[in-house]
Amino acid sequence: MTARDLGLPTRVPAPGLPDRVTIWEVGARDGLQNEDAVVPVSVKLEFLDRLADGGLTTLEATSFVHPKWVPQLADAEELLAGMTRREGVRYPVLVPNERGLDRALAAGVEHIAIFASATETFASRNLNRTLDSQMAMFEPVVTRAVAEGLDVRGYVSMCFGDPWEGSVDPASVVAVGQRLLDMGCSQLSLGDTIGVATAGQVAALLTAFSKAGTAVDALAVHFHDTYGQALTNTLEALRHGVTTVDSSAGGLGGCPYAESATGNLATEDLVWLLDGLGVATGVDLDKLADTSAWMAGQLGRPSPSRVVRALRG
């Protein structure tokens with residue numbers, strides 16, 4: 001018996017929400033990069049295929065970060081060479097610098113993402129840069145990528161709280177984000193890297209971007225569930241017009257540079273929320289739960305997703 005057979009979740013549409021939300025699935029990159037073990041390429045390829053079969057249309061596939069820093073994704077070229085790209089599915093990759101962009105272009109990538117910080121301390125610890133000098137590193141990457149016809153997304157980390165600096169001023173986040181948009185990024189993903197955001201903070205940050213003239217369709221949200229607030233924060237973002245939400249199948253992931261960060265918002269938990277609110281995603285919840293249960297078996301541990309545990313035990 002499946003959730004669909006049982007008519008679950010019960011759909012009760014709520015006013016003031018988008019009709020449809022795009023889920024930016026990060027499990028194959030942000031999820032697997034945080035596993036202690038290196039997952040075989042064959043398993044990663046099957047994971048991506050299963051996610052596409054479940055109706056997800058944006059699958060962040062891998063990263064061109066130096067293997068020394070993220071050995072779990074050292075097989076990026078092999079993965080992309082072996083991947084069957086589905087029509088209508090995007091496969092963005094994370095690119096940290098111009099060397100990473102060279103590798104992405106050689107692999108035939110069409111969509112990339114860069115990863116910036118909203119705080120000085122995290123920029124120093126993660127990128128060995130200041131807030132200003134990180135922009136000097138990203139500008140040639142974005143300029144070249146756009147000239148080559150690539151779409152570029154900008155991640156902004158530590159948008160709500162930083163483990164070294166505490167609460168983050170929305171104005172600082174807006175300043176970093178606006179510079180990335182001005183460079184040529186088509187979208188910003190606003191990251192709650194250590195999972196401390198509250199709904200009030202989400203509202204304040206999105207309002208600050210609106211007052212700065214940033215179109216809401218240029219914004220996405222990326223929540224971690226450290227304090228159990230990821231779904232609440234997502235709902236607040238939807239009420240402010242955000243229509244792209246990052247999540248990770250099975251709740252895989254965290255942040256290798258922030259020890260207090262727990263897993264990403266689980267895609268199944270997000271889909272359950274959205275289905276119940278009558279917000280379309282195009283995702284088959286039962287297929288997705290099967291995929292995450294399968295991946296949990298590959299990893300040798302239970303899925304962190306509450307919905308996966310409820311549906312698949």
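**Ground rules**

This is a predicted model, in which local features need pLDDT of at least 70 and side-chain atom pairs count only at pLDDT 80 or more, while totals for chains, interfaces and linings use all residues. Residues are numbered from 1 along each chain as its sequence is written, and side-chain values use heavy atoms, with hydrogens and water left out.

**The whole chain**

The protein chain has 12 helices and 11 strands. Both are DSSP runs numbered from the N terminus: helices are H or I with at least four residues, strands are E with at least two. The C-alpha atoms fill a box of roughly 55 × 45 × 35 Å along the principal axes.

Of the 313 residues, 55% count as buried. Buried means under 20% relative accessible area, exposed means over 50%, and partly exposed lies in between (1.4 Å probe, protein chains only). Now take contacts between residues at least 6 apart in sequence: 74% of them join residues at least 24 apart. A contact here means heavy atoms within 4.5 Å.

**Helix 6**

Helix 6 covers residues 131-147, 17 residues in total. From first C-alpha to last it reaches 25 Å, close to the 24 Å expected at 1.5 Å a residue. The expected span is 1.5 Å times one less than the number of residues.

Where does helix 6 kink? The kink lies at F138, shortly before the proline P140, and is about 30°. Such a bend is the angle between axes fitted to the seven residues ending there and the seven starting there. F138 is also among the buried residues of helix 6, as are L131, M135 and V142. The cover over these buried residues includes helix 4 (98-106), strand 5 (111-117) and helix 7 (170-183). Just after helix 6, G149 takes a positive phi of about 90°.

**Helix 10**

Helix 10 (residues 267-276) is mostly covered, with 9 of its 10 residues buried. Among them are E268, D269, L270 and D275. Their cover includes strand 1 (22-25), helix 9 (230-239) and helix 11 (285-299). Just after helix 10, G278 has a positive phi of about 75°.

T58 sits in strand 2 (residues 58-59). Its side chain joins that of R90 in a polar contact of 3.0 Å. A polar contact is a pair of N or O atoms within 3.5 Å; within protein, one must be able to donate a hydrogen and the other to accept it, and residues adjacent in sequence count only if both atoms are side-chain atoms. T58 also touches W24 and P92, among others, not counting residues up to four places away in sequence.

Most residues other than glycine have a negative phi. N128 has a positive phi of about 55° although it is not a glycine. M158, likewise not a glycine, has a positive phi near 60°. N128 is in the loop between helix 5 and helix 6. M158 is in the loop between strand 6 and strand 7 (161-162).

| Residue | Relative accessibility | Class |
|---|---|---|
| T58 | 1% | buried |
| N128 | 68% | exposed |
| M158 | 0% | buried |
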